[in-house]
Amino acid sequence: MYGGGNVFETMKATALADEDPILLAAFEARIDRGEKIEPTDWMPQLYRKQLIRMIEQHAHSEIIGSLPEGTWITRAPGFKRKLALMAKVQDEVGHAQLLYSAAETLGKPREEMITDLINGKSKYSNIFNYPAFTWADSCFISWLVDAGAIVNQIANSKGSYGPYCRALERICAEESFHLKYGHHCVIHLATGTKTQREMMQAAVNRWWAPMMHFFGPSDKISVHSEILMKWKVKMASNDECRQQFLDMYVPKIWELGLTVPDENLKKNTVTGEWEFTEPDWEEFKRVINGDGPCNAERIAVRRTAEERGRWVREALLAPKAKYVAPLA
Amino acid sequence: MNTEALKDLLYKMADDQLILGHRNSEWTGFGPLLEEDIAFSSMAQDKVGQSWQIYKLLNELGESDPDTVAFMRNAEQFHNCQLVELPNGEYDFSLIRHFLFDTAEMIRFNHLATSSYAPLALLAKKIKGEIKYHTMHANIWVKQLGSATEESIIRLQTSLDSAMPYALGIFESSKFEKELISEGIFRGEETVKSEWLTQVKSILEHTKLTMPNIETITPVFGGRYGKHTAHLQPLLDEMSEVFKEDPTADW
Amino acid sequence: MILKSLDPRVTRLSIELSPDESSVAKDGLDQFETYEAFVQSKEGKPFEHAGPVHAPNEEMAFLFAKEQYSRRGMFCNAICVIKTENIKVSEYTDNGQDIYNLVTDHPSGNENESFEIFHLMKRGKQHKHEGSVLAKDFDDAMAMAKKEFQSDKPVFNVWIVKSAHIMASEDEDKDIWDTLKEKQYREATDYKAADKIKAFKENQA
Ligand SMILES: [Fe+2]
Ligand SMILES: [Fe+2]
């Protein structure tokens, strides 16, 4: 899983002035031809910096994202759900591993990224700062948060950086299991007993606002970056992703007799666009800056895992071990 | 075939696997290293998956369906050894338990591959590969941490010492040892135990760890007869929290 | 204050929540080496690069690679791991340029050591094992590889590694990828519920 709404740095117009124009032209020509950039290729500093930031945030989102669903890992009802949730959460940890590796090829070691995460220096998808109160919350996440992530990840998998594309290809293959599993769970609750239905509806009500925040602020108010689009770092705008998500999943939610807590939500038959109540972007900012219901817990858990694992890593570290960044 | 004896055997094995798989799944997301987090989760899944298959065999023998059996019984109805229900502790304890238990598991299923009860023999063959990976994993970890730093050696030794009385409880004999052996269903706990001792010692020899003196240890028995530590019932309550909201519902 | 979580597992971790937590400074002490893992999907198919693992040594790298890159066992016949620093990476070419056209050396004829050759046939795809050559050193292996493996299809990048530096799964351990067919719970195909939706809609109507 993963949230959109990457936090890109605002860029200075001068950022490209220092780059060698010949190398830059060759780099851009390669991207225009549809060829991927590989780790040892020359690349503009700005490209490297923004990619590290984006892939690192994505990786953090996977590892932190394993926590809200992990809340229910010991309580999944029945063998099939128990095994599937274990495998699903495991996959998310695996996604983090793959993405950290992709970011490492750009020159930032994994331990440095993890250190930045637990020191609160890095961002990750906002949605994972919300609590999973019931089993139905975990089902909502498995289905719809992952669905949102897939919209993002499929767009990004067509980007220009080879290692990121390779990681995303692997990830997307696994996401299809997550999506089907999540949908299966929600279908069972929504078409089940009265208690199950109510549980599911309550989860939809709780998670809808964070879900709308998931794709990041509206294009009207977010940092625009033509150069990142041109370099195929950012592949789709926040609004495009949100529209695509609504188009694919709102009908599927409705067909289960569930309602969405936004009375303005509807598809405009003339424009083909979904209309909705403007999400509360102040709340989004507040949470992403640390003041959400679970920010402190999420970071504390990662920090604890890191600290309690230290003796293991220190014991195994060969004295002459030399870290080399992954190749591809 | 002595069905009572067979069921007793199947229950204790399935309960062991379910409870340990459940415990090990608690590590998912909190492991000491991302890669190990993933590996440990796979093995937890294998255990739960194996228990599910054994409960299915029980179901064919007339017991309730696997979900009901796993999620609706109380602690005193479980036949797992107490080793598997103990809390995870730190990674050293979880690892030592994994090593001690899976070594026994490998030997047990090697024997069961020739069981006169064909469905069990078939299952034993099917899961041979999974268990092989588990012992490979356990042996490599114990060998490496068991001869690394002072801290890792002390941690593993402490965990080994505290786990050993419980590990011996794996081999608590059942009421049916004689029947199981004479009918060729299972070669019996004593046989597994003696092979296990040899195997555990042979791995520990590659480390700076000391095998506790088995002669002076009183094994912790009782689990096979429904006697458990205070940790099992809360574990079961947690595991079945959602399921029990409506056991007749389709989740 | 001990963290009380909705996740009972987290509560059991007994995490002390202190308001003024100082930053964790790392001196890079626990940064392991990296290994590249390669997967063979079927008997007879070439090994293909899957991705890296962090591990303290080869044995552990193997344990980790097995679960990270082949836990869906049915797609795997064998894996191997290679310490990243033991892989020699050629330059990358693009736009239809064959990397072998940049190689001007001739093979020395010295067959001292065996090397494995991996090709990248398309940027953004995985390196695949092409074959092995006998040569004196890495440069010589590249020259040999050109002689043996250059074709009309351009190769954009080559990885070369000494055969002795590869740790592969043993033939006798192939069964570690035999999984219960019941592991289908990991596959999307195992989750069909169209009937339930249909029945629900009919009930509503
Ligand atoms: Fe994911
Ligand atoms: Fe996912």
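1. Is B:D102 buried or exposed? At a relative accessible area of 2%, B:D102 is buried (buried means under 20% relative accessible area, exposed over 50%, partly exposed in between, with a 1.4 Å probe and protein chains only). The residue sits in helix α4 of chain B, residues 91–112 (helices are DSSP runs of H or I of at least four residues, strands are runs of E of at least two, and both are numbered from the N terminus).

2. On the basis of the note: this is a predicted model, in which local features need pLDDT of at least 70 and side-chain atom pairs count only at pLDDT 80 or more, while totals for chains, interfaces and linings use all residues. Residues are numbered from 1 along each chain as its sequence is written, chains are lettered from A and ligands numbered from 1 in the order in which they are written, and side-chain values use heavy atoms, with hydrogens and water left out.

3. Surroundings of B:D102. Not counting residues up to four places away in sequence, B:D102 touches B:L20, B:K47, B:R97, B:I131, B:H134 and B:T135 (contact means heavy atoms within 4.5 Å). With B:K47 there is also a side-chain to side-chain polar contact of 2.9 Å. A polar contact is a pair of N or O atoms within 3.5 Å; within protein, one must be able to donate a hydrogen and the other to accept it, and residues adjacent in sequence count only if both atoms are side-chain atoms.

4. Interface of chain A and chain C, extent. Here 77 residues of chain A meet 59 residues of chain C. The two chains bury about 6200 Å² between them, and carbon and sulfur atoms account for 57% of it (buried area is the accessible area, 1.4 Å probe, that two parts lose on being put together, summed over both). A:R166, A:L317 and A:L327 supply 9% of what chain A buries against chain C, more than any other three residues.

5. One pairs C:E85 with A:K322, with the closest N and O atoms 3.1 Å apart. On the chain A side, the elements giving two or more residues are α2 (45–70), α3 (79–104), α4 (110–118), α6, α11 (295–308) and α12 (310–316). The largest share, 14 residues, comes from α6(A). By class, this side has 30 nonpolar, 18 polar and 29 charged residues. Ala, Val, Leu, Ile, Met, Phe, Trp, Tyr, Cys and Pro count as nonpolar, Asp, Glu, Lys and Arg as charged, and the others, Gly among them, as polar.

6. A:R170. This arginine lies in α6 of chain A, residues 162–190. A:R170 counts as partly exposed because its relative accessibility is 29%. Leaving aside neighbours within four places in sequence, its contacts are A:L98, C:A50 and C:Y69. A polar atom of the A:R170 side chain lies 3.4 Å from the backbone oxygen of C:A50. A:R170 and A:R303 are 133 residues apart in sequence and 28 Å apart in space, C-alpha to C-alpha.

7. Interface of chain B and chain C. This contact takes 29 residues from chain B and 32 from chain C. The buried area is about 2800 Å², with 58% given by carbon and sulfur atoms. B:F30, B:E35 and B:Y133 supply 21% of the area that chain B buries against chain C, more than any other three residues. The count of salt bridges is six. One of the pairs is C:D175 with B:K128, whose closest N and O atoms are 3.5 Å apart. On the chain B side, α2 (34–60), α5 (118–126) and α6 (128–145) each give two or more residues. Of the elements, α6(B) gives the most, with 10 residues. The classes on this side are 10 nonpolar, eight polar and 11 charged.

8. Cysteines. A search of the whole structure finds zero disulfides over all chains (a disulfide is a pair of cysteine sulfur atoms within 2.5 Å). For A:C165 the nearest cysteine sulfur belongs to A:C172, 10 Å away; A:C165 is buried, at 3% relative accessibility. For A:C185 the nearest is that of A:C139, at 4.2 Å, and A:C185 is also buried, at 0%.

Definitions and conventions:
Salt bridge = Lys/Arg side-chain N within 4 Å of Asp/Glu carboxyl O.
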